[in-house]
Amino acid sequence: MTDHIFKDWMDTPTDSGGPTTEEAAIIADYVSCRNTIGQALDLGVYKLPNLLIDMGHYLNQDSDLITVARALSIFPHILERMGTEFSRQETHSLVEYFCARLENKDDVLNYRAGIYEVAFSLNILIKWKCFIPSDAGIVAMAVFGLANRSTFKDQKPTTRVKLYEVIDFLFKKYQAPLIRDVKVTPLILGLVSMAELEKNPSCLGILFPLYTHIGRNWRGYPLGDSDYDAIWESFIRYFPVTLGGAPQDPSVPSKELIKELLLQCVLSSHHYAKGAVPRFIDMLDTNTDLSANLKIEVLSTLAACVDSYPVPTIAEWSSKIWDALKFEIWNGENEDFIQGALEVLRATAASLGRSQDTWSTQTPMTEFVVAAATECKSRFRDSKKLYLVSSGRILHAVASGSLYAFHLVAKTVLPAMHVMRQDLKLPSEKKMLLTVYNYILDARLAQPQDDPQRDLLVRSFEGFRDGIVEVYFDAVSNIQQESSSSDLPFGVPAVEGLVLLSQIPSYLSAVEQGMIVQELNTILFSPPQDNDIRNAVLLSLQKISAMEPETFHEITLTNFIEKLPDTLSHNGVELKANLEIIAGHLQDLVEIACSRPCQRQLHNGTPINTASSYWHRNFDAMENKLLEKLDVVLQEKGQQEYANMILAAICGGLQVFDTNLNSIRIKSSEPSPLDPKIGPYSYIVKALFQKVVQQKRSTSATYIGIKESFDEKFVQMVGRTAMWALRSNLTTAANSMPLNWNALHPDQPSVIWTLFTHGLKDESLNDSQQNLQKGPADKCLANVLSMYLLAGHRLSEPLTDAPLRIEPAKVASSMIRNAISSESRSSRFGRMCMLWFLQLLVSKYRAASQPYAASSFDATLHQPLQVMTFEVDICRTKSDQEIKNTYQTLAYFTAASIASFDHSMEPLVNMMIKALSDPKYGRRVGQSFRILLAKSEVMDKLNFCKIRALRFQKVISLVVIPLQGAYASPMTSRMGKDNIVIALAGVLAYMEPDLVADAFGFSSIMLEGCDSSDDFTKETFIHLLQVLIPFCPKDAESHLDTVIRLMTDRTHNTYDSPSDASVRCRAKALDVLMRLTEHLPVAGLLQRRARLMPELDLALDDCSRDVRVKAQVAKMKWLRLGTVV
């Protein structure tokens, strides 16, 4: 016995969000009773008839519609939660009752209520196993009856969705009994009547797939033409689709989804072709006013139809399609329309060729292709300028459809094209004809490799081989003969055609392919050259080299290396000219070898000592040849500039190749390397380090230095090459060169200090090599390579356990002392690398606060932060240069600490702020604040450093706010305030405007900064004025006179009174004056216009063109104030 009665359900408040707690309890009581008792619907003492009788009080003719709907609403909840289905008889009784309510034969008023609840209940019952298939027809006709009485269209979309779901399930699950009991035509008419006025996307999302199901799966049933016509008329009226839900509402089908569903309806049966093809062709009529998007949609739909319908259907309409589209291509101006029409023609040829088992001359495809090719051929003669290239595009589209279509096109037009070529005199006409040849070759390449009729195509196209080869070789010969002429329009298509020709499998002999590559090399090496031809040759050599690596190794690479002499003249003018030529050759070689990966392995097998995959073959060959050439050049004296150029090609080639690999790897997976334990670029790094690094001995110890013959620029490029190689995605912990070296030489110092030098057993090198306070200079230069090795190293585990075998904190402390020392004899760049080394150790290895022991004899623990603090504290005892170095080192240390959010950043920032009050060095310290947020060449995410996104906000709390407070303090001197302004400019310059507006605002400090004696500060604050005016217009208005005075003081630049601002600064000041007119009230600006005009007139005579142009614009903006545009 249940605890609830039906009246409880009627009296319980409802909630649109779902059953309330009380409703759920009532439903649970009914369901649990049913599950407990078993076979009969025994709801306590009830059986099904009793439940209906009890509900009858609420379902009688006097009940209002809301009451009826409420009473019926219990059924879906009970039926959904039933653990055991009813008997077939009980289910049949419920179905009959619900259908009677839908049919409403006696037009009972309250039967019009609760249709949603009835549809929901039926939607559950028809999915039960006990549902009787013969009841499917009863349900369908009951639902159709709603549409016949026009009741269906008045229902809410949610109700219609439920009714569509009922019909959709019946048509798919019970189509056989439905058709048996109701017949096809009544079912189709009933469904069409439901959809007569439908405009809801959710309903169409059910209706269109149902139409598609009928078209594809009811073909075995007796659907007549009238049935297909009824369905066609029902769905095609929605084309073009304008209905659809908003993209942000996934519950409603989007417009794009409705388009796709409608397209599937059109494609579901070939019976729709008689309506679809003429309809879409008529829409393409030139007299029809279609939008661009609609015309593209019509063309894409027509192409889909042609691609989907069977051959007999397409054959019937192929001639009409050709007649409708040919002029769209010949006379068209919109490229999207032309591409759409070409795709329809390609699809037509492809569809007609699907059943082409033999190459017969009497098939629908033959008629279509030959007719199109013949008409294009006749157009060749009508007007070459108007029709030659467009006809070539048509031939390409048709020939790409199938092998036989290509055969027919080639046989029809190629002989005529060979004859036409003999009569052409104008270069422009030769260009157009070569373009058509290229279209033919491209269509040949588009044919599938595994087609069973491929041998027929190979034999048929072989007959045109000699003529085609002659065409392109003659064109290339003309390019070489007329290389000095600027009128060679046919040069680009001739070069592109050679590439297409070489790509056709087994079409050319190895000798002919070699001749093509040699011709392209000859063109490239023959100045002067047309830029378009040159670019086409480079692109062609890239493609051919990637496909045929042997030709690159044997011809192209050999030719380029032969162009590189062993030595260059020392004569200044001659040397400069030769270097320019060599730079061009090296740049071309890198572009050819490094822009694309090699597409296959060499025929002769893998070269010796190769670890990488075949993608690297051309790149590796180029790098090895350049390394060999570099050895030869370095043996000669006075060739450093030439050697630097070759090294730049080696380094640049690696960077270009690795970058291109990253983009290509997105689309395809790289083959496995031959040896996963060796890095793909290790041989380059090893060879370069062996050239420049040398074990040396000073008066006190052995150290690693740089050979005397190498300059700083050369060493820098070697270091960058190592960094790029190590940080490549191809470098892993398993193939990392530094890690492998340390593993193979456990008894040697760390590779960071030995730099891949063999035979070093002295462990003291781990300490001595990092001590550069006394130099020598070549040891400092070797430190550059150590820094770049550490920069490129990929972190894979905590450094304390890492096999690099260095102590980050100890090395960081050494770099602090090295950078401060004035006796290291290091170059400026060498000292900069010490600072970068420090930044890497702090931001990448968290070295700032790590303790370390100074030596095995000293148990005291030290930290880099303590070392830095000590060095700042003893500044008064240092020389002038060392003090400057100390504060610069402090700035770089602080920048790394802020970037990585290290705990040391607060004490470091406090030291910098305190140093601003130094009367002698405070200004320099203020300028060093620019380092804190500036982008670093080495400390970045590419080198796996920790660069926090919130560092700007951290600087506001650590730097900006304290400095604002110090500026406002009466204890701060005038000089101290000037230094604070300079420091604030250094950090604010790198922040986003909205962040500056929130944290700094339109303050008096900014206005004072506009008058600073420091150029960077002045320019920064003027720029901030410009960008903050839109954020703070009221503040700008309150300081309007001051802003105008400060800006005109900058722009006032005369012979008698020159400006204290740079050209950039004067131009930015004018930007501020223009920005005022855009965001401030006009009335206040008009009051000041008369005083401003003379200053703008002076700016119109400024010595800088940029200032004059901006002054003119600013004057016009101020003159237009108050005018209505």
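**View 1. Cys1103, an exposed residue in a loop.** Cys1103 has a relative accessible area of 63%, so it counts as exposed (exposed means over 50% relative accessible area, buried means under 20%, and partly exposed is in between, with a 1.4 Å probe and protein chains only). You'll find Cys1103 in the loop between helix H52 (1082-1099) and helix H53 (1105-1119). Helices here are DSSP runs of H or I with at least four residues, numbered from the N terminus. Leaving out residues up to four places away in sequence, Cys1103 touches Asn1053, Arg1066 and Arg1108 (contact means heavy atoms within 4.5 Å). Cys1103 and Thr1054 are 49 residues apart in sequence, yet 9.1 Å apart in space, C-alpha to C-alpha.

A quick note on reading these views: this is a predicted model, where local features need pLDDT of at least 70, side-chain atom pairs count only at pLDDT 80 or more, and totals for chains, interfaces and linings use all residues. Residues are numbered from 1 along each chain as its sequence is written, and side-chain values use heavy atoms, with hydrogens and water left out.

**View 2. Thr556, a buried residue in a helix.** Thr556 belongs to helix H28 (residues 549-562). Its relative accessibility is 0%, so Thr556 counts as buried. Which residues is Thr556 in contact with, leaving aside its neighbours within four places in sequence? They are Val517, Asn521, Leu541, Thr551 and Ile592.

**View 3. Trp330 and its ring partners.** Trp322 and Trp330 make an edge-to-face aromatic pair, 5.9 Å centre to centre with 80 degrees between the planes. Rings of Phe, Tyr and Trp (its six-membered ring) pair if their centres lie within 6.5 Å; planes under 30 degrees apart are stacked, over 60 edge-to-face, and the rest tilted. Trp322 counts as buried because its relative accessibility is 5%, and Trp330 is also buried, at 5%. The rings of Phe327 and Trp330 have centres 5.7 Å apart and planes at 70 degrees, so this pair is edge-to-face. Phe327 and Trp330 sit three residues apart in helix H17 (residues 311-330), about one turn of the helix. Phe327 itself is partly exposed, with a relative accessible area of 39%. There's a charge here, too: the charged end of Arg379 sits over the ring of Trp330, 4.5 Å from its centre. That label needs NZ of Lys or CZ of Arg within 6 Å of the ring centre and within 35 degrees of the ring normal.

**View 4. Phe235 in the nonpolar core.** The largest nonpolar core has 371 residues, and Phe235 and Phe929 are those with the most contacts inside it. Such a core is a set of buried Ala, Val, Leu, Ile, Met, Phe, Trp, Tyr and Cys residues joined through side-chain atoms within 4.5 Å. Skipping neighbours within four places in sequence, Phe235 is in contact with Phe208, Tyr211, Leu262, Cys265, Val266 and Tyr272. Ring pairs also link Tyr211, Tyr228, Trp232, Phe235 and Tyr272 into a cluster.

**View 5. Helix H22 and what covers it.** Helix H22 (residues 427-445) has 19 residues and reaches 27 Å from its first C-alpha to its last, close to the 27 Å expected at 1.5 Å a residue (that is, 1.5 Å times one less than the number of residues). Its buried residues include Met432, Leu433, Tyr437 and Arg444. Among the elements covering the buried residues of H22 are helix H19 (364-382), helix H21 (403-423) and helix H24 (465-481).

Methods
Helices (H or I, at least four residues) and strands (E, at least two) are DSSP runs, numbered from the N terminus.
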